[in-house]
Amino acid sequence: YREQLMANAQYQRNLDDALSWLEQYETTLSEVNDILQAAREEAVRGANGTHPETSLKAIAQKIEQLYEQLIAVGNTQFKGKYIFNGKATDIAPYGDTNFEHIVNDYNLIEFEVMPGIEFQVNVLGNRVFGETQEDIPDPTDPDFNDFNSDNAFDILLYLKKALEVGNNDAIQKAISLLDKRIDAVLTQWTDVGARMNRL
């Protein structure tokens, strides 16, 4: 009987810990969504075709600030652990040097919440921010407007370059890519809410 009580107490602790993790993800995904939505609003503002070159460059600077903010959110820690790098929680998934992607661990973190039942508590970075970053083409490249990354950091860098040179077609392309990435973030956010309800 005492063993059963101890086991139940451990499951309760695991449930509480799992809920704490998911609450952190819910907050962080809200921040990611806010950043991407703000970038989209700036892109739409820049795409209306009435801004002088100086205004477009000012918008590009705002996008750069949102980019750096997104890097910081991508490196969010909870209880001293990076939350978007699978089980490699001791390594920042998004680096400080040129903001290059360093590690992308796809392992799930699971807690046993009932006998034999493992419950996933983490959200993988590639599901939120997209796959590994690519090189952004130069705006003078003939294929610049064909850029098609699903990586949030790539999209913001691409949008920044498009604004700097006033390439309206590329700005529109960035808006389309942002829409897809925002949808992916909302899917993960919804999934976190469903897991919280289950817990």
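This is a guided walk through one protein chain, from its overall build to a few of its residues.

The structure is a predicted model, in which local features need pLDDT of at least 70 and side-chain atom pairs count only at pLDDT 80 or more, while totals for chains, interfaces and linings use all residues. Residues are numbered from 1 along each chain as its sequence is written, and side-chain values use heavy atoms, with hydrogens and water left out.

Let us begin with the whole chain. Its secondary structure consists of five helices and four strands; helices (H or I, at least four residues) and strands (E, at least two) are DSSP runs, numbered from the N terminus. If you follow the sequence along, the pattern reads α-α-β-β-β-β-α-α-α. The C-alpha trace spans about 75 × 30 × 25 Å along its principal axes.

How much of the chain is buried? Of its 199 residues, 44% are buried. Here, buried means under 20% relative accessible area, exposed means over 50%, and partly exposed is in between (1.4 Å probe, protein chains only). A contact means heavy atoms within 4.5 Å.

Ala18 sits in helix α1, which covers residues 2–47. Its relative accessibility is 0%, so Ala18 counts as buried. Leaving aside neighbours within four places in sequence, Ala18 is in contact with Phe111, Val121 and Leu199. Ala18 also shows how sequence and space can tell two stories: Phe119 is 101 residues from Ala18 in sequence, yet their C-alpha atoms are 8.0 Å apart.

The second residue, Arg181, belongs to helix α5 (residues 168–198). Arg181 counts as buried because its relative accessibility is 6%. Not counting residues up to four places away in sequence, Arg181 touches several others, including Leu36, Phe129, Asp150 and Ile155.

Next come the charges. The chain carries 17 positive and 33 negative side chains, and the centres of the two sets lie 4 Å apart. In this count Lys and Arg are positive and Asp and Glu negative, with His and the chain ends not counted; each charge is placed at NZ of Lys, CZ of Arg, CG of Asp or CD of Glu.

Some of these side chains pair up, and the structure holds seven salt bridges. A salt bridge is a side-chain nitrogen of Lys or Arg within 4 Å of a carboxyl oxygen of Asp or Glu. One of them joins Asp179 and Arg40, with 2.4 Å from N to O. This pair links distant parts of the chain, as Asp179 is in helix α5 and Arg40 in helix α1, 139 residues apart. Asp179 is partly exposed at 28% relative accessible area, and Arg40 is partly exposed at 27%.

Which residues are linked in a network of salt bridges? They are Glu42, Arg45 and Lys62. Between Arg45 and Glu42, the closest N and O atoms are 2.7 Å apart. These two are three residues apart in helix α1, so about one helical turn separates them. Glu42 also forms a salt bridge with Lys62, where the closest N and O atoms are 4.0 Å apart. Because Glu42 lies in helix α1 and Lys62 in helix α2 (residues 53–74), this pair ties together parts that are 20 residues apart in sequence.
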